[in-house]
Amino acid sequence: MVRQYFIFGFLSLLAVVGCTEDPVDNAIIDDQAITGPSAPTPYALEVPAYFPAPIVDPENPITEEGIELGRHIFYDRDILSSDGSMSCASCHKQELAFTDGLNRSLGIRQLEGGRSAMSLVNLAFNPSGFNWDGSSPKLWEQAIHPVEDMLELDNDWAEVLRKLREHDDYPARFRAAFGIDRKEEITRELTVKAIAQFERTIISADSKFDRVVYQNTDFFTEAEQLGADSLFFVENVPPGTLHPGCGHCHNAPNFGDNKFKNNGIEDVASLDDFVDKGLGGVNGNRFDNGKFRTPTLRNIALTAPYMHDGRFKTLEEVLDHYASGGHNLENEDPNITGFTLTEREKEALLAFLNTLTDESLLTDERFSAPR
Ligand code: HEC
Ligand code: HEC
């Protein structure tokens with residue numbers, strides 16, 4: 001009873017003091033509040049008619065403000081890495097079709113990661129999970145990991161959020177993208193969702209292949225035509241023929257079916273001996289050891305070195321691998337058959353692969369660092 005009496009007395013004293021002060025000084029100033037526009041504008045992806053419909057993520061609708069916020073974060077070294085030295089774009093460089101030119105990526109302090117950076121084009125069409133092994137089912141969820149991976153940006157999400165909330169510019173951008181009212185509503189989930197919205201807009205469909213085959217505004221050279229008709233695609237191939245048959249797995253228009261396969265690169269004694277188990281490491285299924293997602297070959301001339309571990313430096317080496325026919329492990333895909341190519345055929349297949357480069361992607365300002 002005594003204590004309550006004292007508290008009551010203290011409060012009434014405060015009330016008296018309050019009444020004597022200027023009411024403006026007394027107003028509660030909420031330093032968490034964000035002002036500015038809060039109605040995001042829906043955005044429809046620009047997809048050529050001959051592409052499949054992009055996969056819609058009902059948990060993360062794309063808006064103009066979300067894309068713009070995501071682009072800013074994607075390129076922001078100070079926000080993303082613990083020492084301010086790297087952003088997503090350090091390993092996913094636009095001029096290399098969003099790869100880094102290394103066999104295995106280097107994170108901050110030059111630490112070497114386990115795999116080769118993937119191209120980020122046409123992610124909106126991948127139904128199979130992200131990363132070489134499909135370990136991230138959702139695109140937005142994927143972006144959580146590079147930020148905290150010791151061998152990548154080595155940051156702490158609490159620190160990322162603190163910087164975003166204290167920033168002069170980002171709180172208003174989060175409000176514009178997600179309609180939030182307070183800085184504390186800037187969360188890890190909204191941050192990676194904005195990044196994913198930006199990533200989904202990176203669509204590559206302006207290669208010579210597109211112009212020749214779908215738009216009828218260009219022509220293949222004789223070599224490119226031979227590469228397409230007789231070597232890469234499988235439509236004209238009699239069953240049972242030994243043939244490159246790249247199109248079995250790298251089919252148009254995305255040139256990667258996103259399915260998990262063992263394409264025979266690893267010479268191991270048994271399914272238990274893969275250094276990197278790929279899909280098997282994710283789902284624990286032994287028969288999936290050594291299976292990786294068939295990636296797109298769009299812009300392949302720009303994304304060397306090749307495979308999940310960057311083991312092949314050139315496309316010639318890649319062709320030599322497929323021609324040799326793998327290592328007869330029981331889970332190797334049946335379409336890895338081995339074949340022989342004349343010098344002319346090899347050049348033709350390489351010429352065809354070079355038609356998949358999309359020059360406009362490399363300088364498209366919508367995908368570049370904000371100025
Ligand atoms: C240190 C280099 C590095 C940095 C920094 C980096 N990445 Fe990556 N990225 C990689 C590597 C390596 C892979 C393949 C990972 C795997 O398969 O385990 C990858 C894969 C991806 C994929 C999967 C693509 C696909 O087709 O499945 C996406 C998406 C991606 N990164 C986005 C990002 C984003 C967003 C950031 C910034 C938040 C980022 N990356 C930062 C190296 C990096
Ligand atoms: C049985 C399916 C299959 C066939 C057929 C196939 N590939 Fe692949 N390809 C894959 C898979 C799976 C990967 C990823 C393997 C890895 O990284 O471990 C891959 C990776 C690649 C890469 C590396 C891509 C990158 O981003 O690093 C290139 C280049 C490539 N294939 C070209 C070809 C060519 C050219 C042919 C025809 C001679 C061909 N592939 C036939 C399934 C196939």
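Ser87 sits in the loop that joins helix 4 (77-80) to helix 5 (88-91); helices here are DSSP runs of H or I with at least four residues, strands are E runs of at least two, and both are numbered from the N terminus. In this predicted model, local features need pLDDT of at least 70, side-chain atom pairs count only at pLDDT 80 or more, and totals for chains, interfaces and linings use all residues. Residues are numbered from 1 along each chain as its sequence is written, chains are lettered from A and ligands numbered from 1 in the order in which they are written, and side-chain values use heavy atoms, with hydrogens and water left out.

Ser87 has a relative accessible area of 4% and therefore counts as buried (under 20%; exposed is over 50% and partly exposed in between, with a 1.4 Å probe and protein chains only). Apart from neighbours within four places in sequence, Ser87 is in contact with Phe74, Tyr75, Asp76, Arg77, Leu80 and Leu153, where contact means heavy atoms within 4.5 Å. A polar atom of the Ser87 side chain is 3.4 Å from the backbone oxygen of Phe74.

## The shell around ligand 2

Ligand 2 is surrounded by 26 residues, the closest being Cys246, Cys249, His250, His308 and Tyr322; a residue is included if one of its heavy atoms lies within 4 Å. Helix 14 (315-324) and strand 2 (292-293) each supply at least two residues of this shell. The largest share, 4 residues, comes from helix 14.

Two polar contacts (pairs of N or O atoms within 3.5 Å) can be named here. An oxygen atom of ligand 2 lies 2.8 Å from a polar backbone atom of Met307, and a nitrogen atom of ligand 2 is 3.5 Å from an N or O atom in the Asn263 side chain.

## The iron site

The iron atom of ligand 2 is coordinated by NE2 of His250 and OH of Tyr322, at 2.0 to 2.1 Å; donors are N, O and S atoms within 2.8 Å of the metal (3.2 Å for Na, K and Ca), and since water is not among the atoms, sites may look incomplete.

His250 counts as buried because its relative accessibility is 10%. Tyr322, at 18%, also counts as buried.

Key:
A polar contact is a pair of N or O atoms within 3.5 Å; within protein, one must be able to donate a hydrogen and the other to accept it, and residues adjacent in sequence count only if both atoms are side-chain atoms.
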